[in-house]
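Visitor: I would like to learn how to read a protein structure, one feature after another. Could we begin with the sheets?

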Amino acid sequence: MAQDKFDVGGMTCAACQAHVDRAVSKLDGVQSVAVNLLAGSMMVDYDPAQVSPDDICTAVDRAGYSASPVSTGTDAANSNGSAQARSGATHMESPTKKLEATASAMRTRLIISIIFLIPLFYIGMGHMLGWPLPGVFTDHTHSMTLALTELVLLIPIVYVNDAYFTNGFKSLVHGAPTMDALIAVGATASIAWSLYAMFIMADQLATGQVHEAMMTGMDNLYFESAGTILSLVTVGKYLETRSKSKTGGAIEALIDLAPKTATIVADDGTETAVDVDAILPGQVLRVRPGESIPVDGVVLEGSSAVDESALTGESIPVEKTAGDTVNAATVNRTGSFTFRATRVGADTSLAKIIQLVEDANATKAPIARMADKVAGVFVPVVFAISAVTFVAWMALTGSVNEALTSAVAVLVISCPCALGLATPVAIMVGTGKGAEMGILFKSAEALENLRNVGTVVLDKTGTVTRGKPAVTDIVVATRADGSPAMSEKALLKLAAALERKSEHPLAEAIMAECETRGIVARMVEDFAAVPGRGVTAREGQNVIAAGNVRLMSELGITVPAGLAERFAAEGKTPLFFAKNGELAGIVAVADEVKETSAEAVTALRSLGVDVRMLTGDNRVTAEAIARRVGLTSEQVIADVLPADKERHVRELQDAGSKVAMVGDGINDSPALARADVGLAIGTGADIAKEGADVVLMRSDLMDVAHAIELSRATIRNIKQDLFWALFYNGIGIPLAAGVFFPLTGWQLSPMFGAAAMSLSSVCVVSNALRLKSFKPKTAH
């Protein structure tokens, strides 16, 4: 199967989206289609052996729209330099940039419409509202002057808003009516009836029926209604488009951080400013204080504090020295340094984040499917209701004016857009907010599913703990007389001498502690490793050893009773050091619990989520770690082989729970894929980790709670919008049809209908934009 993305042109409402979806889904070989009205894009999974991208574009063209394939980041990766990054960013930029351009063009249309609508409305409605009018418009002998003036003022409004008529009637021809068809038919009906009335007036004036001609004009001219409908719809469209252009603000801000130029350092040390598009992997670049880092790389010389908040959401700058990695779009705060470019263009962290967010926006949340089904049949149903309304009013009143007013009001008040926008706008704002917080959702489905999670399974190593052993305790042994066998510094010198040649992770932890304290390892002789026990060596005349209780026992060295068990109960591994047959001391090493792990467990509990910890450690060590983060022994699954993690997740699912698995992604891929939602934590630049549905850029478990809160807030927002859209149409259409007229005497004017329709879409988009101010309740 292949997956391609297409730009789709001509879509203006949810009905358009449904028609495009239906047209492509009918093709043989197409497995799934996700059309994004907001971005004007479409993602298609298809079998290349049965259907080609050209066939897909042709199907869209036949439906009355346009489509063209979009080059992917993979394609871009074949090009040189950071042009790849630009191509990776372009498609994330395009929805917002296109919407800004559309809003600008619509603003011009709106200004022209209003300039001509004001005098048209004044002249057309002035006699009914008692406004003063020039004598030429009140004199019965000049009734045709009034009609012609209204027609002349209407023509520019119709001209600048011709898209409604072009798109609307085209959709009718294709048998797939859209919201533009509702507006076009409503406005055309008003104009056609008014033109018919003008012929009646001309006939009446020709026969001298001056008063009757004026009355015909007052009762039957709907030019101002047509002008008001078109103008108010344009007002709504403009406000809606302007609001939608703000939905991608988080990603736009991220893209803007990438610098346009960079400084390349040549082999002879000369520095040259070049366009960022020209950077190639392997080149050396210099970054000065205050500058943004242009591409990903590894620091060669110098040191600095780098602000990575744009990528990870972490506000505290991270110290970088030689050998550390740096990422594009992060900001150098203090010192100057050089680095070698390792990833450019579509391979940079920035480009991958943009691609992930863009892909998430191109997918559909399950909650949107009901709205899509309704939108697909909405417009034809509204046309049917309008026709029934016209016939009913004619049968009951015999008045064409009354029937036409209600029928047109039904057409213009109906709003499939509110239904169609409810989900994609909230998804775009929600995923953008997540990226801002260092939480990347790979799909809209993951964003929705996370809210229902009942159990969160935490992999211990690298998730609850740092994943890197560190020294926790240094205990100097005491002699028989109660005096210390040596100083703490002397014990560490002994440990450094023994462990400097060892490649064991615990040895690395001890050497790191010694390096921190400025202790230099001395040379030893006769170094020997004792498998499964430890090491022995000779330092001058002294025989020294390091290892576990078994090694000490074999060497005839007494270890205080219960000491090893006490450390094990605390989740620590003790290393015993001996000198000349006497115990010198103990250095305990453990995989330290992250500072926020306990707080994160509490936060998850406050959200009503059960927390489990999964680990390959023995139960004693696992329970020791669990106690430190607030978990009970029942919530610990210990002695688990990497291959069995997936099975334990499946067992929790079989017990009826929705499960989220959180791991560092190294050996957790099967479990991450099995879970209802897989979250890869602390992956840094490797954000496209397979198997994970959500990527947490920071190595902070609190982000799991934040992701769940964001998911719940986004879906709550979508439900509010869907309720509003359904409620609005459920009340508005019967009101416009005159269902309440016998009880209340209310008959809705098409002008008020157009205003209400415009307001509904603006309300939906504005409500979604509230997510931009989302702040998790479980924040630190």
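Visitor: Which residue in β21 is the bridge partner of F577?

Guide: Please keep in mind that this is a predicted model. As a general idea, strands of a sheet pair through backbone hydrogen bonds, either parallel or antiparallel. Here the bridge partner of F577 in β21 is G585, and the two strands concerned, β20 (residues 573-579) and β21 (residues 582-593), pair in the antiparallel sense over seven bridges.

Visitor: In what order do the strands of that open sheet come, and what is their pairing?

Guide: Six strands form this open sheet, in the order β16-β21-β20-β19-β18-β17, and the pairing is antiparallel. The edges are taken by β16 (465-476) and β17 (525-530), each of which has a single partner strand, so one side of each is left without a neighbour in the sheet. From one strand to the next, the twist averages 15 degrees.

Visitor: Which helix packs on the sheet, and which strands is it touching?

Guide: That is helix α19 (residues 488-499), which touches β16, β17, β18 (534-539), β19 (542-547), β20 and β21, and whose direction makes about 95 degrees with that of β20.

Visitor: How many strands form the open sheet that has mixed pairing?

Guide: Seven strands form that sheet, and their order is β14-β26-β25-β24-β15-β22-β23. Its edge strands are β14 (439-441) and β23 (636-637), each of them pairing on one side only. Helix α27 (residues 702-737) lies across β14, β15 (455-459), β24 and β26 (694-696), and it runs at about 50 degrees to β14.

Visitor: Let us turn to side chains. How many aromatic pairs does the structure hold?

Guide: The structure holds seven aromatic pairs. One of them joins F121 and W131, whose rings lie 6.3 Å centre to centre with 50 degrees between the planes, an arrangement called tilted. This pair links distant parts of the chain, as F121 belongs to helix α4 (residues 83-129) while W131 sits in the loop between α4 and α5 (135-138), 10 residues apart. F121 is partly exposed, with a relative accessible area of 25%, and W131 is partly exposed as well, at 34%. Another pair is made by F337 and F339, whose ring centres are 6.2 Å apart and whose planes stand at 50 degrees, so that this pair is tilted; both of these residues are buried.

Visitor: Which residues form one aromatic cluster with Y122?

Guide: Y122 forms one aromatic cluster with F121 and W131.

Visitor: Which residues does UniProt list for "transmembrane region"?

Guide: The unreviewed UniProt entry lists several spans under that name, including residues 110-129 and 749-769. In the model, residues 110-129 are 100% helix and 0% strand, and their end C-alpha atoms lie 25 Å apart. Residues 749-769 are 95% helix and 0% strand, with their end C-alpha atoms 31 Å apart.

Methods: Residues numbered from 1 in each chain as written. Predicted model: local features only at pLDDT ≥ 70, side-chain atom pairs only at ≥ 80, totals over all residues. Heavy atoms only, no water. Pairing = 2+ DSSP bridges. Helix = DSSP H or I, 4+ residues; strand = E, 2+ residues; numbered from the N terminus. Contact = heavy atoms within 4.5 Å. Axes fitted to C-alpha atoms, helices over the stretch in contact; angles between N-to-C directions. UniProt positions renumbered as here; feature names shortened; annotations may be inferred. Phe/Tyr/Trp six-rings, centres within 6.5 Å; stacked < 30°, edge-to-face > 60°. Buried < 20%, exposed > 50% of the residue type's maximum accessible area, 1.4 Å probe, protein only.
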